[in-house]
Amino acid sequence: MSSKMCVFYGLFVCLMLVFCVSMSTSSRFDELFQPSWAFDHFVHEGDLLKLKLDNSSGAGFGSKNKYMFGKVSIQLKLVEGDSAGTVTAFYMSSEGTKHNEFDFEFLGNSTGEPYSVQTNVYVNGVGNREQRLNLWFDPTKDFHSYSIFWNQRQVVFLVDETPIRVHTNMEHRGIPYPKDQAMGVYSSIWNADDWATQGGRVKTDWSHAPFLVTYKSFEINACECPVSVAGMDNRKRCSSSEDKKYWWDEPKLSELNLHQSHQLMWVRAKHMVYDYCNDASRFPVTPLECLHHRHRLL
């Protein structure tokens, strides 16, 4: 290879690395996130981060940047033993009263009871889209991956890469879809014994405190959005066009593939314990998105 070709090749590789780094980030907590509150309730142990909840405070952190479209993932080992009344949250959210939000909420349990995960989707400040399922493994014994994938066609919640929920873009039916607000990435642990465990009937037993949730492998592979840029401009900036192609806009990611659809149906059939779409006491008129969602019926 000639010296000119070597220089060209080196420059090409360098540019490709710059592009990749701009789109995906490392797993170091301090590069991606910063504590939001209760700094003294953070425990660093090498590559592991622990958040502590006691009867004085919980703790939380948030991303240094905001993102639009892509995938965020985190590995968690949840609170061991009697964790009733506690909630560990991992979520994305924009700001303001008309905010969008995608929630994982891990609801503590009495010893021996299954750990539940509740998901929710807010669009333009409106939530009330809770789904709840019992995990098919013990999330306190080992680390498991929890992810949110988001593009202009769908929002997918994943556990160890298994989809547990899909929120589809149905704007063609007049249903708003979250696609014009950049979001931060957040996690926290706090006391919610007024509702978290068996509807608030089981309270937090502080004799088991401190409650610890452990984190590792923080990953964000998404489009970073400058704070000063308007929502619609960020949407254009983070969407593929003739001169730029983003991985989250690949046609194969516009919906679940056949294997993923089967996984989701298995989760819903075997592990789901609550779906707002089926709650006639809260919603005498079935929410419109529930009527048209392809994964509603098994």
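This is a predicted model: local features need pLDDT of at least 70, side-chain atom pairs count only at pLDDT 80 or more; totals for chains, interfaces and linings use all residues.
## Aromatic pairs

Across the whole structure, a search finds 23 aromatic pairs. One of them joins Phe102 and Trp150. Their geometry is edge-to-face, with 5.5 Å centre to centre and 75 degrees between the planes. Phe102 sits in strand E7, residues 101–107. Trp150 sits in strand E10, residues 144–150. The pair therefore ties together parts that are 48 residues apart in sequence. Both Phe102 and Trp150 are buried.

Strand E7 also contributes Phe104. This residue pairs with Phe157, again edge-to-face. Here the rings are 5.3 Å centre to centre, and the planes make 80 degrees. Phe157 belongs to strand E11, residues 154–159, so this pair ties together parts that are 53 residues apart in sequence. Phe104 is buried, and Phe157 is buried too.

## A ring cluster

Some rings join into a group. Ring pairs link five named residues into a cluster: Phe29, Phe33, Phe61, Tyr215 and Phe218.

## A cis peptide bond

Most peptide bonds are trans. The bond between Ala209 and Pro210 is cis, with omega about 5 degrees.

Most residues other than glycine have a negative phi. Asp160 has a positive value, near 50 degrees. Its place is the loop between E11 and strand E12, the latter spanning residues 162–168. Asp160 is partly exposed, at 33% relative accessible area. That value falls between the 20% limit for buried and the 50% limit for exposed.

Ser217 is not a glycine either, yet its phi is positive, about 55 degrees.

## Points to check in the viewer

- Strand E7 carries Phe102 and Phe104; look for their partners Trp150 and Phe157.
- Strand E11 holds Phe157, and the loop between E11 and E12 holds Asp160.

Terms used: Residues are numbered from 1 along each chain as its sequence is written. Side-chain values use heavy atoms; hydrogens and water are left out. Rings of Phe, Tyr and Trp (its six-membered ring) pair if their centres lie within 6.5 Å; planes under 30 degrees apart count as stacked, over 60 as edge-to-face and the rest as tilted. Helices (H or I, at least four residues) and strands (E, at least two) are DSSP runs, numbered from the N terminus. Buried means under 20% relative accessible area, exposed over 50%, partly exposed in between (1.4 Å probe, protein chains only).
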